[in-house]
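User: I would like to learn how to read salt bridges in a structural model. Please begin with the general idea and then turn to the case at hand.

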Amino acid sequence: MDPFLQAAFDEAHLGLQENGIPIGSVLVIDHEIVSRGHNRRIQSGSAILHAEMDCLERAGRLTASDYSRSTLYSTLSPCDMCSGAALLYKIPRIIVGENQTFQGPESYVRSRGVDLQIVNDPDCIELMQNFIRNRPTLWNEDIGLPTED
């Protein structure tokens with residue numbers, strides 16, 4: 001596995017260890033990780049702390065020049081919200097660990113000029129498949145689907 005995707009995968013495992021949703025992300029600028037994040041919606045009681053949002057938040061204020069040289073890695077295809085944040089800050093490249101268990105607006109993101117690459121890493125796929133099988137209600141909540149109370 002690519003070392004930057006591995007770092008995102010490690011973040012996903014941290015989320016799982018915290019009884020959250022196992023999705024991780026890292027932001028890389030000039031071949032260095034400048035920020036890490038994982039889905040913290042459950043842990044923080046947040047409506048928006050998906051892995052990519054957590055990663056961008058933890059990066060702090062960056063310049064347009066910084067974003068223009070960045071790559072966002074995520075273990076799972078970014079949702080509409082996370083894709084929108086990447087588009088807002090003009091992140092030119094997104095590397096996705098897998099899109100078999102969930103697919104965000106990939107065609108739209110590509111149409112906006114982003115180099116979006118899908119790796120379909122077997123470890124990323126297995127991690128999400130196991131989570132979805134074991135915690136379907138929590139997963140549905142995270143992606144905005146109705147859940148049974």
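User: Which side chains meet in a salt bridge at 3.0 Å, N to O?

Analyst: Side chains of opposite charge can pair when their charged atoms come close. A salt bridge is a side-chain nitrogen of Lys or Arg within 4 Å of a carboxyl oxygen of Asp or Glu. Here, Arg58 and Asp54 form such a contact (3.0 Å, N to O). This is a predicted model, in which local features need pLDDT of at least 70, side-chain atom pairs count only at pLDDT 80 or more, and totals for chains, interfaces and linings use all residues. Residues are numbered from 1 along each chain as its sequence is written, and side-chain values use heavy atoms, with hydrogens and water left out.

User: Where do Arg58 and Asp54 lie in helix H3, and how many residues apart are they?

Analyst: Helices (H or I, at least four residues) and strands (E, at least two) are DSSP runs, numbered from the N terminus. Arg58 and Asp54 are four residues apart in helix H3 (residues 51–59), so about one helical turn separates them.

User: Is Asp54 buried or exposed?

Analyst: Buried means under 20% relative accessible area, exposed over 50%, and partly exposed in between (1.4 Å probe, protein chains only). Asp54 is buried at 3%, whereas Arg58 is partly exposed at 46%.

User: Which distant parts of the chain does the pair Arg41 and Glu141 link?

Analyst: The side chains of Arg41 and Glu141 meet in a salt bridge (3.3 Å, N to O). Arg41 belongs to helix H2 (residues 41–44) and Glu141 to helix H8 (residues 136–142), 100 residues apart. Arg41 is buried at 10%; Glu141 is partly exposed at 36%.
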